[in-house]
Amino acid sequence: MTELVGGIEAGGTKFVCAIGAGPDDIRAEVRFPTTTPAETIDRVVAFFRRQEEHHGRPAAIGVGAFGPIDPNPASPTFGYITATPKPGWSNFDLAGRLGEALGVPLGFDTDVNVAALGEWRWGAGRGLGNFIYLTVGTGIGGGALIDGRPLHGLVHPEMGHVLVRHDRTADPYPGRCPYHGDCLEGLASGPAIGERWGQPADELPPDHPAWGLEADYLSQALHDYICAISPERIILGGGVMEQSHLFPMIRQRVRESLNGYIQAASILRKIKDYIVPPELGNKAGIVGAFVQAQRLIDDK
Ligand code: ADP
Ligand code: ZN
């Protein structure tokens, strides 16, 4: 990949815009808080206009967006942020408005599918056709590449909202998902950990019982993803996974709960290479948007 492309990481808290060709070739980058749609779009457009003087107009721009979104190009609401509690953003035509304002072809997908593309090209998903990228942070979201393509389907996967066994005697915390209460995100997101224990997740010591419980919920979800999708690897990122001691706990629980049923060396003997942290850290999203833009050009 040599051609310069654009990337937009459209997050619920912040936006990142960049021009470049890869993780070691980011020519310009800006980040700013997500405010109103109008103000945010203006800032995106201002960034790309400024870059035109130095780098010309990129041939395409990839967008990884917070969701839920409509990623189906055949749908009348393609490119919309659909239902979000974020004021002003519900039913907002993000891809349409950006496309109009920027005047270049735009890729559009979930933030996690786009991050998966980044890890596929330059990170922990290199060489794999089928894998999952899960982020455990303010929310929990999963993207997947299936035969090399981001998985959509009816809408797009919502891996954070799967149901896990919740023993209310051991863990009376009711969960905080506004739709499901104690779905995975309701029980195991960063804010859920903080609320349950009355202390921010990043301040809890490594020997705190929070982490055993966290590993339990995450490993249940991973068990289900493995059975349903048969990924060749699972990448776990996001702020909560900065607690690197979670990895061995999750690997052990996944292996125990699958109980030898999935006959694959990756799980039986090499699970350390199967459930892994991202290699690109917080760059996965923005460089994934480059990959998406590049694919748009190549598919033409
Ligand atoms: P976002 O999901 O907003 O994109 P992050 O993935 O950084 O951003 O997630 C932020 C959440 O992750 C916060 O709720 C915080 O509780 C949690 N978090 C951030 N850093 C850590 C850490 N080092 N250990 C545990 N939890 C963390
Ligand atoms: Zn939910």
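Entry 1: I started with R196, which is buried at a relative accessible area of 15%. The model is predicted, so I keep that in mind throughout. Buried here means under 20%, so R196 falls inside the cut-off. Next I looked up its partner. The side chain of R196 forms a salt bridge with the side chain of D171, at 2.9 Å from N to O. This pair links distant parts of the chain.

**Entry 2: a second bridge to helix α5.** I then checked R176. It makes a salt bridge with E195, and the closest N and O atoms are 3.6 Å apart. R176 is in the loop between β8 and α4 and E195 is in helix α5, so the two tie together parts that are 19 residues apart in sequence. Are these two residues buried or partly exposed? R176 is partly exposed at 38% relative accessibility. E195 is also partly exposed, at 45%.

**Entry 3: other salt bridges.** I noted a general point first. Side chains of opposite charge can pair when their charged atoms come close. How many salt bridges does a search of the whole structure find? It finds nine. One of them joins the side chains of D25 and R27, at 2.5 Å from N to O. D25 is partly exposed, with a relative accessible area of 26%. R27 is partly exposed as well, at 44%. I also found a network: R49, E52 and R57 are joined by salt bridges that share partners.

**Entry 4: the zinc ion.** I moved on to ligand 2, a zinc ion. Which protein atoms are its donors? They are ND1 of H161, SG of C177, ND1 of H180 and SG of C183. These atoms lie 2.1 to 2.4 Å from the zinc ion. I looked at the angles next. They run from 103 to 120° among the four donor atoms, and the site is tetrahedral. For reference, the ideal angle for four tetrahedral donors is 109.5 degrees. I wrote down the spacing of the donor residues in sequence: H-x15-C-x2-H-x2-C. H161 and H180 both lie in the loop between β8 (149–150) and α4 (184–188), so this pair ties together parts that are 19 residues apart in sequence. H161 is partly exposed, with a relative accessible area of 22%. H180 is partly exposed at 41%.

**Entry 5: ligand 1.** I listed the residues that surround ligand 1. Among them are G137, T138, G190, P191, A201 and D202. The list also includes G238, G239, V240, E242 and Q243. Then I looked up polar atoms. A polar side-chain atom of T138 is 2.6 Å from an oxygen atom of ligand 1. G239 places a backbone N or O atom 2.9 Å from an oxygen atom of the ligand. For Q243, an N or O atom in the side chain is 2.7 Å from a nitrogen atom of ligand 1.

**Entry 6: N113.** My last stop was N113, in helix α3 (residues 111–122). Is N113 buried or exposed? It counts as buried, at 1% relative accessibility. A polar atom of its side chain lies 3.0 Å from the backbone nitrogen of A144. Leaving out residues up to four places away in sequence, N113 touches G143, A144, L145, P150, L151 and H152.

Note on methods:
Residues are numbered from 1 along each chain as its sequence is written. Chains are lettered from A and ligands numbered from 1 in the order in which they are written. This is a predicted model: local features need pLDDT of at least 70, side-chain atom pairs count only at pLDDT 80 or more; totals for chains, interfaces and linings use all residues. Side-chain values use heavy atoms; hydrogens and water are left out. Helices (H or I, at least four residues) and strands (E, at least two) are DSSP runs, numbered from the N terminus. Buried means under 20% relative accessible area, exposed over 50%, partly exposed in between (1.4 Å probe, protein chains only). A polar contact is a pair of N or O atoms within 3.5 Å; within protein, one must be able to donate a hydrogen and the other to accept it, and residues adjacent in sequence count only if both atoms are side-chain atoms. Contact means heavy atoms within 4.5 Å. Donors are N, O and S atoms within 2.8 Å of the metal (3.2 Å for Na, K and Ca); water is not among the atoms, so sites may look incomplete. Four donors count as tetrahedral if all angles lie between 85 and 135 degrees; four count as square planar and six as octahedral if opposite donors are over 155 degrees apart and all others between 65 and 115; anything else is irregular. A salt bridge is a side-chain nitrogen of Lys or Arg within 4 Å of a carboxyl oxygen of Asp or Glu. A residue is near a molecule or strand if one of its heavy atoms lies within 4 Å of it.
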